[in-house]
Amino acid sequence: MFISPEEPVCAPDHTIEDGWCDLPHSAPDRQRIKHTAMNVYKVVVVMSLSCSTLALGLGEARGDALWDKAVALARASEAPYPRAMKEHEKTYDRSGKLKQTVISTYAISALGNQGGRAVLRRSTKDGKDNTSAKRKELKDWGEDGKLLNVDNLFHPAAQTRVKAQRLSHQLKIGGVLCVVYDYSHRTSDGLIKGRAYLDAASGAPLKTQSRAAKVPVTHGKLKVNSVKSTTFYTRYKGQLRVARIAIATDFEYDGFLFFNFSGVTKTQVTFSDYR
């Protein structure tokens, strides 16, 4: 569904970072975090993986020719898709001091016409094996690893869940003139809002930015204040691929007595082994 073009609203005292109209970011805060909210985090990763799952053969969203081109590119890029995913998480306290580094690798397998599933292979924390603890953590969060087609922004199957609004201004990214869209995407785990930058000529996405709409999210003693993501795309032999995803999660942990802490986890996600 598409809405008529409209200029973005950005207050004069707000900062503009990578296309976002946003308030100045607060500095990162106090001690380490057990983990960021996996369900919210999963949605960010899944919706960013627009060209890495199997297409359902449904028609593209109608109403905007350039957006239709992006959907067609995603469908044409359904194979090969990545069979491996790596996430590099760094957690900082509010003073900006690095408190923890977790590196995890996943294998991705197909789930018929539904999408794929990411299965943890190995995880380390500050250089030491953390696989068992990470696997338990994912289980505790109810994380099943599914990467569903309906959660991919440009996938044909998702278009009935997407509302996009073409903005009247354009900008250049790496010398490429881009048309800018604000969008909302109702995924299987909740509403995502974001901004997409499409090549004005080909419709290929250069990057998308997103944020979880329904925050804060609380899980036990963990409160997630915000989840923001930027996905960078590339073209390989004419196919659309995700180059990397950068995710920032702001959190608070309400523990017992001296175990209260909060901070920011910054995650880099990359994909490989396309076949």
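**Briefing: loops, cores and surface of a predicted chain**

Lys237 sits in the loop that links β14 (222-236) to β15 (239-253). Strands are DSSP runs of E with at least two residues, and helices are runs of H or I with at least four, numbered from the N terminus. The model is predicted: local features need pLDDT of at least 70, side-chain atom pairs count only at pLDDT 80 or more, and totals for chains, interfaces and linings use all residues. Residue numbers start from 1 along each chain as its sequence is written, and side-chain values use heavy atoms, without hydrogens and water.

**Backbone in loops**
- Lys237 is not a glycine, yet its phi is positive, about 50°.
- The loop holding Asp126 runs between β6 (115-125) and β7 (128-129).

**Overall build**
- The chain has three helices and 16 strands.
- Buried residues (under 20% relative accessible area) make up 48% of the 275.
- Among contacts (heavy atoms within 4.5 Å) with a separation of 6 or more, 60% join residues 24 or more positions apart.

**Nonpolar cores**
- A nonpolar core is a set of buried Ala, Val, Leu, Ile, Met, Phe, Trp, Tyr and Cys residues joined through side-chain atoms within 4.5 Å.
- The largest has 34 residues; Trp67, Phe154, Tyr181 and Phe271 touch the most other members.
- Helix α2 (residues 65-76) gives the most to this core: five residues.
- A second, separate core has five residues, including Leu167, Cys178, Val180 and Tyr197.

Note on methods:
Buried < 20%, exposed > 50% of the residue type's maximum accessible area, 1.4 Å probe, protein only.
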